[in-house]
Amino acid sequence: MKTPHRDKLTALFKNEKLPASDRQKEQLVFNYYEQWMSVLQDKTISADKYLQALVDATNKYKNFIDLDFIFSSSNDFLYRQKGQLKLDNTILEECLPYLVDKRLVPGPFSTVNHFVGDEACYAGLFFGTWLAKTLEDRVFIKKKNQDFAVGKTIKISIEDDGVIQIRDLKVAYFAAELKTNLDKTMFQEASATARELKTNVQNSKYCLVCEWLDMTPIDSATTSIDSVIVLRKAKRINSNKRSNFSSVNGRQKYLSEFTTFILSNPLDYGMFKHLVTMLNEAIPTPDSVTEEDKLARGYF
């Protein structure tokens with residue numbers, strides 16, 4: 001399984017611009033990371049207990065990174081470079097693939113060629129002009145990077161004018177875009193991505209997953225997005241308050257208030273449960289809905 005967050009941590013502590021006082025916390029940070037991973041990789045507990053443990057452990061680790069490591073730093077580097085360092089937003093990117101576990105989402109394991117995680121997925125097949133010289137120009141396969149996708153790796157053979165190519169395609173049946181703060185522009189861009197996915201992959205599902213909402217809620221039913229999931233069930237702290245956080249003095253002044261805000265709005269178990277439900281709907285087990293089930297409920 002990919003480790004996007006661990007990769008960012010490794011790159012951070014190799015960064016020459018990282019202040020010495022933050023660099024001294026390397027072992028502490030990786031100790032917390034390993035504790036988090038030990039929970040996510042635990043195969044010994046039941047499904048419901050595992051999901052709750054995953055959420056609890058992710059809250060604990062994320063609070064450590066966001067509050068103790070970044071916000072409480074005695075330097076401005078970590079907070080001001082959050083967007084480029086991608087320490088906080090890669091936590092969810094590394095966490096969510098662990099939801100695709102046989103105890104929670106058994107469907108993908110019915111085939112050996114499934115994939116999970118951040119992948120460039122199939123987004124359309126297009127044909128070039130009659131006079132296109134190369135096979136790549138004659139048959140173009142569009143791909144779209146998905147932050148979190150679950151699907152199949154499929155091989156296709158393309159032949160034209162005696163030239164044959166075999167290509168691997170990542171076909172996503174479930175895809176999610178992950179955002180720390182979701183605003184209207186991001187929502188509109190995701191709407192286009194969702195429409196493209198559903199045009200090309202039958203019965204696929206697409207959702208937006210964010211920590212904080214930074215816009216007025218828009219009904220996703222008006223788009224191709226199946227659901228917008230706000231993991232903390234809260235809006236982002238207002239910009240007037242955030243403007244004080246760019247300096248050490250400002251963060252120290254508002255540390256208690258910011259900590260209360262974060263702890264009062266944890267990652268919510270119910271939202272992770274909703275994600276699991278969507279994953280099971282998108283990728284059911286082959287025998288999960290029988291003919292008798294369809295007739296009993298009266299619709300299909």
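These are my notebook entries on a predicted model of a protein.

**Entry 1: ground rules**

I number residues from 1 along each chain as its sequence is written. Because the model is predicted, local features need pLDDT of at least 70, side-chain atom pairs count only at pLDDT 80 or more, and totals for chains, interfaces and linings use all residues, while side-chain values use heavy atoms, with hydrogens and water left out.

**Entry 2: overview**

I looked up the secondary structure and found 13 helices and five strands. Helices (H or I, at least four residues) and strands (E, at least two) are DSSP runs, numbered from the N terminus. The C-alpha trace spans about 65 × 55 × 40 Å along its principal axes.

Next I looked up burial. Of the 300 residues in the protein, 43% are buried. Buried means under 20% relative accessible area, exposed means over 50%, and partly exposed lies in between (1.4 Å probe, protein chains only).

Then I looked up contacts, which are heavy atoms within 4.5 Å. Among contacts between residues at least 6 apart in sequence, 67% join residues at least 24 apart.

**Entry 3: the cores**

Which residues touch the most other members of the largest nonpolar core? I found Leu-99, Phe-174 and Phe-272, in a core of 60 residues. Helix α4 (residues 47–71) gives the largest share of this core, 12 residues. A nonpolar core is a set of buried Ala, Val, Leu, Ile, Met, Phe, Trp, Tyr and Cys residues joined through side-chain atoms within 4.5 Å.

There is also a second, separate core of 25 residues, and Ala-149, Ile-158, Ala-194 and Met-215 are among them.

I then followed Phe-174. Leaving aside neighbours within four places in sequence, Phe-174 has contacts that include Phe-148, Ala-149, Val-150, Leu-275 and Ile-283.

**Entry 4: helix α1**

Helix α1 covers residues 4–14, and Pro-4, His-5, Leu-9, Leu-12 and Phe-13 are buried there. Where do these buried residues lie around the axis of α1? They fall within an arc of 165°, so they line one face of the helix. The arc is that of the directions from the helix axis to the C-beta atoms. I noted the general rule: an α-helix has 3.6 residues a turn, so residues three or four places apart point the same way.

The buried residues of α1 are covered by elements including α2 (20–23), α3 (26–40), α4 and α7 (89–95).

I looked up Phe-13 in helix α1. At 7% relative accessibility, Phe-13 counts as buried. Beyond its neighbours within four places in sequence, Phe-13 is in contact with residues including Leu-18, Val-29, Phe-30 and Phe-69.

**Entry 5: helix pairs**

Two packed helices are described by the angle between their axes and the distance between the axes. Axes are lines fitted to C-alpha atoms, for helices over the stretch in contact, and angles run from 0 to 180 degrees between N-to-C directions. Angles under 35 degrees count as roughly parallel, over 145 as roughly antiparallel, 65 to 115 as roughly perpendicular and the rest as oblique.

- The axes of α1 and α3 come within 11 Å and cross at roughly 175°. That makes α1 roughly antiparallel to α3. Residues in this contact include His-5, Leu-9 and Phe-13 of α1 and Val-29, Phe-30 and Tyr-33 of α3.
- The axes of α4 and helix α11 (residues 248–264) come within 11 Å and cross at roughly 180°. α4 and α11 are therefore roughly antiparallel to each other. Residues in the contact include Leu-67 and Phe-71 of α4 and Tyr-254 and Phe-258 of α11.
- α4 and helix α12 (residues 269–282) pack at an angle of about 125°, with axes 10 Å apart. α4 and α12 are therefore oblique to each other. Among the residues in contact are Leu-51 and Val-55 of α4, and Phe-272 and Val-276 of α12.

Asp-161 sits in the loop between β2 (139–160) and β3 (163–182). Its phi is near 55°, a positive value in a residue other than glycine. Is Asp-161 buried or exposed? Asp-161 counts as exposed, at 68% relative accessibility.

Lys-233 lies in the loop between β5 (227–230) and α10 (239–242). The phi of Lys-233 is also near 55°, and Lys-233 is exposed, with a relative accessible area of 55%.

Pro-97 is in the loop between α7 and β1 (114–127). At 5% relative accessibility, Pro-97 counts as buried. Leaving aside neighbours within four places in sequence, Pro-97 is in contact with Met-1, Leu-92, Val-116, Gly-117 and Phe-148.
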